[in-house]
Amino acid sequence: MAKDATKNILLRLDPELAERLQTVASVEGRSVSDVAREAIAALVDQRRQDTRFSRLLEENLTRHEESLRRLRSDD
């Protein structure tokens with residue numbers, strides 16, 4: 001992804017977790033955003049390899065496809 005092609009999000013953290021995140025960023029000489037991006041990317045990669053998550057995704061897709069079919073139905 002190009003560096004300027006980013007999306008802003010609002011992330012609410014409890015104060016203790018926010019302080020710990022700030023500490024990690026400070027110790028590593030990085031921004032909080034950079035540390036959070038890295039953690040989120042690692043979580044997404046972990047989920048992509050998780051068979052349970054893949055199964056849940058398939059179940060959700062199936063359920064949504066069925067809902068879409070019902071909405072499109074003339075019955």
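This briefing covers the fold, the helix packing and the salt bridges of the chain above. The model is predicted: local features need pLDDT of at least 70, side-chain atom pairs count only at pLDDT 80 or more, and totals for chains, interfaces and linings use all residues. Residues are numbered from 1 along each chain as its sequence is written, and side-chain values use heavy atoms, with hydrogens and water left out.

**Overall fold**

- The chain has three helices and zero strands. Helices (H or I, at least four residues) and strands (E, at least two) are DSSP runs, numbered from the N terminus.
- Read from the N terminus, the order of elements is α-α-α.
- The radius of gyration of the chain is 19 Å, whereas a compact globule of 75 residues would have one near 11 Å. This radius is taken over C-alpha atoms, and the globule rule is 2.2 Å times the number of residues to the power 0.38.
- Along the principal axes, the C-alpha atoms fill a box of roughly 60 × 30 × 30 Å.
- Of the 75 residues in the chain, 5% are buried. Buried means under 20% relative accessible area, exposed over 50%, and partly exposed in between (1.4 Å probe, protein chains only).

**Packing of α1 and α2**

- Two packed helices are described by the angle between their axes and the distance between the axes.
- Helix α1 spans residues 15-28 and helix α2 spans residues 32-48; their axes come within 8 Å and cross at roughly 105 degrees. Axes are lines fitted to C-alpha atoms, for helices over the stretch in contact, and angles run from 0 to 180 degrees between N-to-C directions.
- α1 and α2 are therefore roughly perpendicular to each other. Angles under 35 degrees count as roughly parallel, over 145 as roughly antiparallel, 65 to 115 as roughly perpendicular and the rest as oblique.
- On the α1 side, L21, Q22, V24, A25 and E28 make the contact; on the α2 side, V32, V35 and A36 do. Contact means heavy atoms within 4.5 Å.
- By class, this contact of α1 with α2 has six nonpolar, one polar and one charged residues. Ala, Val, Leu, Ile, Met, Phe, Trp, Tyr, Cys and Pro count as nonpolar, Asp, Glu, Lys and Arg as charged, and the others, Gly among them, as polar.

**Salt bridges**

- The structure holds seven salt bridges. Each is a side-chain nitrogen of Lys or Arg within 4 Å of a carboxyl oxygen of Asp or Glu.
- R30 pairs with D34, with the closest N and O atoms 2.9 Å apart. R30 is partly exposed at 26% relative accessible area, and D34 is partly exposed at 28%.
- D45 meets R48 at 3.8 Å, N to O. The two are three residues apart in helix α2, so about one helical turn separates them. D45 is partly exposed at 38%, while R48 is exposed at 63%.
- R55 bridges to E59, with the closest N and O atoms 3.9 Å apart. They lie four residues apart in helix α3 (residues 51-72), so about one helical turn separates them. R55 is partly exposed at 47%, and E59 is partly exposed at 41%.
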